[in-house]
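Please study the sequence and the structure shown here before reading on.

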Amino acid sequence: MADSKSLSLRATTNLQPRHAVFIDRDGTLNEDIGYVSTPDELVLYPWAAEAIRRINDSGLLAIVITNQSGIARGMYSEKTLDAIHSRMIRELAREGAKIDAVYYCPHHPDVGDARYRIDCECRKPRTAMLEKASREHRIDLEASYVIGDKASDIKLAENAGARGALVLTGYGRETFAHPERWPCAPEFTAENLLEAVKRILDSGFMRC
């Protein structure tokens, strides 16, 4: 099985299972321009930092999970992706927001360089990224949420036993407009990441 790539930013030493909010990147945390291929192309949504701060303040883990088939397609390298994520983390940190870990899938099942042309288990909606995060951070997936703008994010949540929230940014409005294409329905729909985080925290579902 091909493994996802990860960047852990804070070790989890708590022996009790943790709860997490898993956040899709493009279209949820930052503007989706097709493929963000350089750090300068990354534009965070203006509400992103507040959403992450609220997760931090609640005691939950804020973890980014993202398919990055641009690597398989030869559009950018893993080194460049690391630089993009470093910029993302720095910009959020300047506003007091902390990402606990980043997991990404560099593969595509049908196109690209043979090293990455893999029918892997980490490409959403398959669950290897969440399973790896669960092992590394002692996360109870059934007591966690996945937030994203695509049906694959919601299906990922169902496949992992978590709950899914659809945001209307990025591809979200198109996704919402075609429920007949959904493999499963989200727990709820929110205007953006901040609204989704507020609803999750207000629900009391994920109290630590």
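Within strand S5, Ile-147 is the bridge partner of Ile-23. The model discussed here is predicted.

**The paired strands**

The pairings are collected below.

Which residues of S2 lie on each side? Ala-20, Phe-22 and Asp-24 are on one side, Val-21 and Ile-23 are on the other, and all of them are buried, so that both faces are covered. Because five of the five residues of S2 are buried, this strand is largely enclosed by the rest of the structure. Strand S5 is likewise covered on both faces: Tyr-145 and Ile-147 are buried on one side, and Val-146 and Gly-148 are buried on the other.

In soluble globular proteins, nonpolar side chains tend to be buried together. The largest nonpolar core of this model has 32 residues, and those that touch the most other members are Ile-23, Leu-29, Ile-52, Ile-55, Met-88, Leu-92 and Ile-147. Strands and helices both contribute to this core: among the elements that give two or more residues are S2, S3, S5, S6 and S7, together with helices H1, H2 and H6. A second, separate core has 21 residues, including Leu-61, Ala-101, Ala-133 and Ala-157.

Apart from its neighbours within four places in sequence, Ile-52 is in contact with Ile-23, Leu-29, Ala-62, Leu-92, Ala-97, Lys-98 and Ile-99.

Leu-166 is found in strand S6. With a relative accessible area of 1%, Leu-166 is buried, because a residue under 20% counts as buried. When neighbours within four places in sequence are left aside, the contacts of Leu-166 include Gly-148, Asp-149, Lys-150, Ile-154, Phe-176 and Trp-182. Leu-166 and Glu-136 are 30 residues apart along the chain, and their C-alpha atoms are separated by 26 Å.

The loops also contain buried residues. Thr-28 lies in the loop between S2 and H1, and at 0% relative accessibility Thr-28 counts as buried. Not counting residues up to four places away in sequence, Thr-28 touches Ile-23, Tyr-45, Trp-47, Ile-147, Gly-148, Asp-149, Val-167, Thr-169 and Leu-193. Ser-144, in the loop between H3 and S5, is also buried, with a relative accessible area of 0%. The C-alpha atoms of Ser-144 and Tyr-45 are 23 Å apart in space, while the two residues are 99 residues apart in sequence.

**Helix H4**

Six residues may be named as buried in H4, and they are Ala-151, Asp-153, Ile-154, Leu-156, Ala-157 and Ala-160. What covers these buried residues includes strands S2, S3, S5 and S6 and helices H3 and H5. Just after H4, Gly-161 takes a positive phi of about 80 degrees.

**The largest pocket**

Rolling a probe the size of a water molecule over the atoms shows where empty space is left. The largest pocket holds about 430 Å³ of space. Its lining consists of 20 residues, and the closest to its centre are Gly-34, Tyr-35, Asn-67, Ser-69 and Lys-150. Strand S3 and helix H4 each supply at least two residues of the lining. How many residues of each class make up the lining of the largest pocket? There are four nonpolar, six polar and ten charged residues.

Ser-69 is placed in the loop between S3 and H2. This residue is buried, with a relative accessible area of 7%. Setting aside residues up to four places away in sequence, Ser-69 touches Tyr-35, Cys-105, Pro-106, His-107, His-108 and Arg-123.

Note on methods: Residues numbered from 1 in each chain as written. Predicted model: local features only at pLDDT ≥ 70, side-chain atom pairs only at ≥ 80, totals over all residues. Heavy atoms only, no water. 1 Å grid on protein atoms, 1.4 Å probe; cavity = no way out; pocket = protein on both sides within 12 Å on 5 of 7 lines; lining within 4 Å. Points joined across faces, edges and corners; volume = space filled by probe spheres on them. Helix = DSSP H or I, 4+ residues; strand = E, 2+ residues; numbered from the N terminus. Nonpolar A, V, L, I, M, F, W, Y, C, P; charged D, E, K, R; others polar. Core = buried A, V, L, I, M, F, W, Y, C linked by side-chain atoms within 4.5 Å. Buried < 20%, exposed > 50% of the residue type's maximum accessible area, 1.4 Å probe, protein only. Contact = heavy atoms within 4.5 Å. Pairing = 2+ DSSP bridges.
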